[in-house]
Amino acid sequence: MASSMRALVLTCMLLAPWLTAGTAASYREDARQAATPGRQRGSFFGNGFKSMRARRDLPSADEPDNTPMPAAADASDLPTCLLCVCLTGSVYCEEVSPDMTAVPTVPKKTAYLYARFNKIRKINTKDFADIVTLKRIDLTGNLISEIEDGAFAKLPLLEELSLADNRLVRLPMLPAKLMSFNANNNFLKTKGVKATAFKKLTGLVNLYLADNEIEAVPQIPEMVRTLHLQNNNITDINIDTFCRSNDTFYLRPNLSEVRLDGNPVILSKYPDSFMCMKVLPIGRYR
């Protein structure tokens, strides 16, 4: 019995300092927590309290959420290279969302612009005024119904221009160095395409005017190889349409593809009109 009492006393003597130190540490921690406003005891409880407060701030399922919705974005408010793909010298703006309704502002050294299948409605003179490096512009598949005169006048390097699948009723003045021009599938009539519209384009090689409402063939420059005028309203041609009535030795060796199919004109009525050509036009002969 005496030995058990001695063991108990010895154990208490050994544990007393450790218990005292632990209590003091706990007291000091409580004092720090009280002295620091907003301090949580631990990350677990702190996060729990934050989550509870966040849940209280949310509207309940039965309450209407009156948080204002952001306004619809407009392509004109965003940088071009955020909406489009900008590579060295090339900009690709195809089927842009939100809708692109005007020609985008492109970097000044852009050489190739592809802005197809958007909702561009008009081309202004200022749209390309500062981009003198442009060599190719493709605006296929838009809603363009108007192009201001001079819109392409300050583009001395422009070689390829596509305005296909739009709503044009007249053509603007075209740059002199143009080599390929496409205005297929518009609403062009002869009064909107001057007879001399292409006369000064001495380097023009490909001319596409199919699927319009043109009644007469315009003057075709000497260098043209491909001429598409199918599905128009052409009813008549003459010897001066492709050849020269005052020069029986005149030849057009470059003109290798002429499409007049889908027009009312019967080509067999004008056999002398193709004497200068190395191939006959595709079209109606009877």
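**Arg-116 is partly exposed, at 24% relative accessibility, and forms a salt bridge with Asp-138.** The model is a predicted one: local features need pLDDT of at least 70, side-chain atom pairs count only at pLDDT 80 or more, and totals for chains, interfaces and linings use all residues. Residues are numbered from 1 along each chain as its sequence is written, and side-chain values use heavy atoms, leaving out hydrogens and water. The closest N and O atoms of Asp-138 and Arg-116 are 3.4 Å apart. Asp-138 sits in strand β5 (residues 136-138), Arg-116 in the loop between β3 (112-114) and β4 (122-123), so the pair links distant parts of the chain, 22 residues apart. Strands here are DSSP runs of E, at least two residues long; helices are runs of H or I, at least four; both are numbered from the N terminus. Asp-138 is buried, with a relative accessible area of 11%. Buried means under 20% relative accessible area, exposed means over 50%, and partly exposed is in between (1.4 Å probe, protein chains only). Glu-94 belongs to a network of salt bridges with Arg-116 and Asp-138. A salt bridge is a side-chain nitrogen of Lys or Arg within 4 Å of a carboxyl oxygen of Asp or Glu.

**The whole chain holds four helices and eleven strands.** The protein chain has 286 residues, and 35% of them are buried. Among the contacts with a separation of 6 or more, 42% join residues 24 or more positions apart. Contact means heavy atoms within 4.5 Å. The accessible surface comes to about 18000 Å². Carbon and sulfur atoms own 57% of that surface. Accessible areas come from the Shrake-Rupley method with a 1.4 Å probe; for residues, only the protein chains shown count as cover. The salt bridges number ten.

**Nine strands form an open sheet with mixed pairing.** Their order is β1-β2-β3-β5-β7-β8-β9-β10-β11. Strands β1 and β11 (257-259) are the edges, and each pairs on one side only. From one strand to the next, the twist averages 5 degrees. Axes are lines fitted to C-alpha atoms, for helices over the stretch in contact, and angles run from 0 to 180 degrees between N-to-C directions. Strands of a sheet pair through backbone hydrogen bonds, either parallel or antiparallel. Here β5 and β7 run parallel, joined by three bridges. Asp-138 has Ser-162 in β7 as its bridge partner. Two strands count as paired if DSSP finds at least two bridges between them.

**Glu-148 and Lys-122 meet in a salt bridge between their side chains.** The N to O distance is 3.4 Å. Glu-148 lies in the loop between β6 (146-147) and β7 (160-162), and Lys-122 in strand β4, so the pair ties together parts 26 residues apart in sequence. Both residues are partly exposed: Glu-148 at 24% relative accessibility, Lys-122 at 31%.

**Lys-189 forms a salt bridge with Glu-213.** The closest N and O atoms are 3.8 Å apart. Lys-189 is in the loop between β8 (180-182) and β9 (206-208); Glu-213 is in the loop between β9 and β10 (226-228). The two residues are 24 residues apart, and the pair links distant parts of the chain. Lys-189 is partly exposed at 34% relative accessibility. Glu-213 is partly exposed too, at 27%.

**Val-85, Leu-87 and Tyr-92 form a nonpolar patch on the surface.** Together they have about 270 Å² of accessible area. Val-85 is in strand β1 (residues 85-87). This residue is partly exposed, with a relative accessible area of 47%. Patches are made of residues with over 30% relative accessible area and no salt bridge: like charges are joined within 9 Å, nonpolar side chains (Val, Leu, Ile, Met, Phe, Trp, Tyr) within 5 Å.

**Val-132 touches Lys-154, Leu-155, Pro-156 and Leu-157, not counting residues up to four places away in sequence.** Val-132 is in the loop between β4 and β5. It is partly exposed, at 42% relative accessibility. Leu-157 is 25 residues from Val-132 along the chain, yet their C-alpha atoms are separated by 7.1 Å.

**Thr-88 is in the loop between β1 and β2 (90-92).** At 85% relative accessibility, Thr-88 is exposed. Thr-88 and Ala-111 are 23 residues apart in sequence. In space they are 8.9 Å apart, C-alpha to C-alpha.
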